[in-house]
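Hi everyone, thanks for making time today. I'd like to walk you through one structure, so please bring it up on your screens.

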Amino acid sequence: MTKTILEIMNIPAPSGGEKSMADYIEQALAGKAEISRDVLGNIVARKKGKSKKKLMILCRMDEPGIIVSESGEFSRITKTGKYPTELLCGSTVIMGDIFGVAHAEKSEKPEAGDIFIETAEEVPVGTLGAVAQNTRLIGERICGVWAGGKSALAAALFAAETDFAPVYDTYFVFEAQGLAGGRGALAAAYNIKPDYCISVGTCAANDFPGGKGDIESGGGAVLKLADSGIICDKRIISHIRNKKEGICTLPVSEESFDDGVAHTAAGGAISGGIVLPVRHAGSACEAVSLYDINDVTDLIIACCGSEIEE
């Protein structure tokens with residue numbers, strides 16, 4: 001498990017530039033599901049069920065990134081995704097196979113327009129990039145840039161790799177351009193037309209000095225009740241609660257995931273979400289418990305294995 005997570009952590013996948021990640025997932029799932037890749041770049045892994053109804057398990061492939069807007073020794077960039085601008089400053093970034101270092105014209109509250117990337121060679125306009133990883137396994141936690149999102153992706157991949165018998169036709173959607181307004185989720189929902197959707201996302205864990213809240217890293221998967229894009233359907237909430245006794249609940253997530261897109265697309269789907277606790281969420285070094293990743297995987301499989309009570 002750890003080897004796969006570390007491999008995923010080290011694959012750059014900025015929004016719109018997820019091909020390397022998609023190739024990795026497609027190879028990992030070969031022979032374990034029916035695999036397709038749509039025009040937008042989503043990887044869809046179908047496991048045939050006993051029922052004609054469809055369940056979509058939705059997880060983002062992408063991470064916050066940059067796109068080169070002006071080329072030269074000092075390239076100008078625009079951000080794609082929500083990575084805080086100030087955290088880019090001083091970071092090593094990778095753009096295709098070219099490395100560079102991000103700096104800002106001003107040190108206080110820099111904006112995206114203040115950032116430039118210093119490289120040894122010219123980078124073409126339109127090139128996508130991401131912050132280069134410096135991943136570490138510290139004890140029983142994976143630590144690095146965007147460790148939360150990539151660990152959630154790993155949990156969904158582990159579930160899709162597992163040989164189990166789903167009740168519904170189950171579509172694992174590894175979403176492209178999720179951080180760009182849920183574009184991949186929208187395309188997938190229109191193609192699949194799911195009856196149900198369960199997203200796999202992240203939330204902030206607060207069990208560290210100065211942290212405020214009840215979510216703990218190492219306490220297992222968390223049930224989402226709502227976020228800015230969706231009020232989760234009580235049928236999905238009950239279904240998830242029935243699969244994990246005593247599961248911690250996140251009343252209103254500050255993070256919006258793309259079950260809200262599936263919830264309203266193509267006639268709508270009964271939707272909700274499972275979230276993975278992440279320490280230091282949004283920082284240059286997020287930390288995720290291996291136990292939590294495994295627990296999310298087990299919960300996804302359990303949710304696929306029985307009917308959702310209407």
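This is a predicted model: local features need pLDDT of at least 70, side-chain atom pairs count only at pLDDT 80 or more; totals for chains, interfaces and linings use all residues.

Residues are numbered from 1 along each chain as its sequence is written, and side-chain values use heavy atoms, with hydrogens and water left out.

So, the whole chain. The protein chain has eight helices and 19 strands; these are DSSP runs numbered from the N terminus, with helices being H or I of at least four residues and strands being E of at least two. Its radius of gyration is 19 Å, close to the 19 Å that the globule rule gives for 310 residues, so the chain is as compact as a globular protein of that length. That radius is taken over C-alpha atoms, and the rule is 2.2 Å times the number of residues to the power 0.38. Along its principal axes, the C-alpha trace of the protein chain spans about 60 × 45 × 35 Å.

How much of the chain is buried? Buried residues make up 55% of the 310, where buried means under 20% relative accessible area, exposed over 50%, and partly exposed in between, with a 1.4 Å probe and protein chains only. Among contacts between residues at least 6 apart in sequence, 74% join residues at least 24 apart; contact here means heavy atoms within 4.5 Å.

Now the helices. Two packed helices are described by the angle between their axes and the distance between the axes. Axes are lines fitted to C-alpha atoms, for helices over the stretch in contact, and angles run from 0 to 180 degrees between N-to-C directions.

Take helix α4 (residues 147–161) and helix α8 (residues 290–304): their axes come within 8 Å and cross at roughly 45 degrees. The two are therefore oblique to each other, given that angles under 35 degrees count as roughly parallel, over 145 as roughly antiparallel, 65 to 115 as roughly perpendicular and the rest as oblique. On the α4 side, the contact is made by S151, A155, A156, F158 and A159, and on the α8 side by I293, V296, T297, I300 and I301.

Helix α8 also meets helix α6 (residues 234–243), with axes that come within 9 Å and cross at roughly 115 degrees. Here H239, I240 and K243 in α6 meet L299, A302 and C303 in α8.

Staying in α8, that helix also holds D295. Is D295 buried or exposed? It is buried, with a relative accessible area of 12%. Leaving aside neighbours within four places in sequence, D295 is in contact with G220, A221 and K244.

Next, V222 in strand β14 (residues 222–224). V222 is buried, with a relative accessible area of 1%. V222 and I247 are 25 residues apart in sequence, yet 6.1 Å apart in space, C-alpha to C-alpha.

Last, two backbone details. Q177 has a positive phi of about 55 degrees although it is not a glycine, and it is found in the loop between β12 (168–175) and α5 (183–192). K193 likewise has a positive phi of about 55 degrees without being a glycine, and lies in the loop between α5 and β13 (196–205). Q177 is buried at 16% relative accessible area, whereas K193 is partly exposed at 49%.

That's my tour, and I'm happy to take questions.
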